[in-house]
Amino acid sequence: MVKLRLFGSFLAVLFGSAMIASGFNLFLIPHRLLSGGVSGLAMLAGYFTPFNISLLYLLFNIPLLAAGWFQLGRRFILLSIVSVGATTWMMTVVPVFQVSSDMLLASVFGGVLVGAGAGVSFRVGGSSGGFDIVGSIITRYRDFPVGSVLVGLNGLVILAAAYFDDNWNLALASMVSIYVTGKVVDLIHISHIKVTVYIITNRTDELLQQLLGLQRGVTKFKTEGAYSHVERDMLMTVTTRYELAELKRIIKTSDPQAFVNIVETVGVMGSFRKR
């Protein structure tokens with residue numbers, strides 16, 4: 001089961017890489033727009049040097065992937081390496097072709113594709129490399145939405161583009177693309193949204209054995225039905241939206257008759273483990 005899930009994650013990352021490469025080659029690069037972050041730096045360098053953008057994208061990502069290996073865990077970086085490698089390869093396969101002659105439309109649809117691809121990689125536990133890794137390191141210690149962090153980091157790239165290209169139309173259109181990318185990432189990657197789950201069950205021990213494997217704290221209460229006067233246990237845990245599907249699967253498998261109440265959490269204080 002674990003190997004099958006990992007294989008599914010690899011397929012999702014490959015699909016996300018195809019979306020990113022398509023966003024680059026079909027919408028952004030034909031208009032000399034930037035996607036922001038390391039990919040934006042690679043594009044900026046590629047526009048003003050004879051070097052290949054896909055190769056620069058790979059080279060610029062290597063030191064960040066090495067840093068992330070020690071900060072973010074091997075599975076995360078392994079999936080990120082697959083994403084960066086697949087994106088590099090697919091950028092050589094997908095032709096650079098101008099789908100839209102309108103720069104603004106190209107910036108919006110390019111941002112949607114790049115954001116969706118990066119969000120898919122985040123959703124399965126990886127990233128698309130570059131500033132995504134920097135953003136993940138920051139959000140590991142500060143509970144900010146990843147996409148918002150990326151928008152802030154990418155502003156530096158836009159300033160560099162405006163300075164070197166001396167064309168604020170391109171810079172402003174690139175800002176639109178980066179903004180859209182960040183919003184789409186947050187729409188798909190929802191780990192900063194917390195939920196509290198209340199589970200009333202007769203199979204406490206069986207459920208706890210599975211729930212504690214998620215590395216989330218669980219609190220147990222003794223409850224009594226007001227009508228039936230039957231005593232049961234209530235388990236309470238706080239998790240993230242993208243981990244909720246796995247939590248539901250565990251509950252359905254361990255106790256299909258359990259009563260479950262899921263509420264969105266406004267904020268969390270204390271020892272909540274960020275991922």
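This is a predicted model: local features need pLDDT of at least 70, side-chain atom pairs count only at pLDDT 80 or more; totals for chains, interfaces and linings use all residues.

Modeller: Residues are numbered from 1 along each chain as its sequence is written, and side-chain values use heavy atoms, with hydrogens and water left out.

Biologist: Which residues have the most contacts inside the largest nonpolar core?

Modeller: In soluble globular proteins, nonpolar side chains tend to be buried together. A nonpolar core is a set of buried Ala, Val, Leu, Ile, Met, Phe, Trp, Tyr and Cys residues joined through side-chain atoms within 4.5 Å. Buried means under 20% relative accessible area, exposed over 50%, partly exposed in between (1.4 Å probe, protein chains only). Here the largest core has 29 residues, and Phe24, Ile29, Leu34, Met43 and Ile53 have the most contacts inside it. Elements giving two or more residues include α1 (2-28), α2 (37-48) and α4 (74-93). The most comes from α4, with five residues. A second, separate core has twelve residues, among them Val195 and Ile250.

Biologist: What does Ile29 touch?

Modeller: Contact means heavy atoms within 4.5 Å. Leaving aside neighbours within four places in sequence, Ile29 contacts Phe24, Met43, Tyr47, Ile53, Met91 and Val96.

Biologist: How many residues of α2 are buried?

Modeller: Helices (H or I, at least four residues) and strands (E, at least two) are DSSP runs, numbered from the N terminus. In α2, nine of twelve residues are buried, so the helix is mostly covered.

Biologist: What span should α4 have?

Modeller: Expected span is 1.5 Å times one less than the number of residues. The 20 residues of α4 should span 28 Å, and its end C-alpha atoms are 28 Å apart, which agrees. For α2, the reach is 17 Å, close to the 16 Å expected.

Biologist: Is Thr196 buried or exposed?

Modeller: Thr196 counts as buried because its relative accessibility is 8%. It is found in strand β1 (residues 194-201). Its contacts beyond four places in sequence include Met236, Val238 and Ile262.

Biologist: And Phe60, where does it lie?

Modeller: Phe60 lies in helix α3. It counts as partly exposed, because its relative accessibility is 32%.
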